Amino acid sequence: QPQRSIGCIYYSFESPPPILEPVLILNGERCDTVINNVCFPSQVSKTYGSKNRGLCCVTMLESTLKKYEGQHDVLDTMIRQELAGWFPDYHHAIGNQWK
């Protein structure tokens, strides 16, 4: 069976997380999207984030990695826009404060 590649980008943030439960959020759309799934490891254990900071993990499939190869800033922008659509109450924080 051929191996498949995935990639992850992590964001650190000071605001409360958009999701309080320790769950994996799957993208059910998969039409012209960059995110495959999102989780907040700091909701599983506070030791997964830095002191007073949360941690967001965004996973992308191989097709997204190839599409944005060498375009890290563009990919980051696309991920932030998609996350802001998923969590509209956190739009400003995702776009400007998550590192």
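Q: Leaving aside its neighbours within four places in sequence, what is I79 in contact with?
A: I79 is in contact with I9, Y11, V34, I35, V58 and M60. Contact means heavy atoms within 4.5 Å.

Q: What kind of model is this?
A: This is a predicted model: local features need pLDDT of at least 70, side-chain atom pairs count only at pLDDT 80 or more, and totals for chains, interfaces and linings use all residues. Residues are numbered from 1 along each chain as its sequence is written, and side-chain values use heavy atoms, with hydrogens and water left out.

Q: OK. How many residues are in the largest nonpolar core?
A: That core has 19 residues. F40, C56, V58, I79, L83 and W98 have the most contacts inside it. A nonpolar core here is a set of buried Ala, Val, Leu, Ile, Met, Phe, Trp, Tyr and Cys residues joined through side-chain atoms within 4.5 Å. Buried means under 20% relative accessible area, exposed over 50%, and partly exposed in between (1.4 Å probe, protein chains only).

Q: Which elements each supply at least two residues of this core?
A: β1 (6–13), β4 (54–61), α3 (72–86) and α4 (91–96) do. Helices (H or I, at least four residues) and strands (E, at least two) are DSSP runs, numbered from the N terminus.

Q: Which residues of α3 are buried?
A: L75, I79, R80, E82, L83 and A84. Their cover includes β1, β3 (37–39), β4, α2 (62–67) and α4.

Q: How far does α3 reach from its first C-alpha to its last?
A: α3 reaches 21 Å with 15 residues, close to the 21 Å expected. The expected span is 1.5 Å times one less than the number of residues.

Q: Back to E82. What does E82 touch, not counting residues up to four places away in sequence?
A: E82 touches N27, T33, V34 and I35. E82 counts as buried because its relative accessibility is 14%.

Q: And Q43, buried or exposed?
A: Q43 is buried, with a relative accessible area of 17%. Q43 is found in helix α1 (residues 41–44). Leaving aside its neighbours within four places in sequence, Q43 is in contact with P17, I19, L20, E21 and P22.

Q: Switching to cysteines. How many disulfides?
A: The count is 0, taking a disulfide as a pair of cysteine sulfur atoms within 2.5 Å. For C8, the nearest cysteine sulfur is that of C57, 4.2 Å away. C8 counts as partly exposed, at 39% relative accessibility.

Q: Zooming out, what pattern does the chain follow along the sequence?
A: The pattern is β-β-β-α-β-α-α-α. The radius of gyration, taken over C-alpha atoms, is 13 Å, close to the 13 Å that the globule rule gives for 99 residues, so the chain is as compact as a globular protein of that length. That rule is 2.2 Å times the number of residues to the power 0.38.
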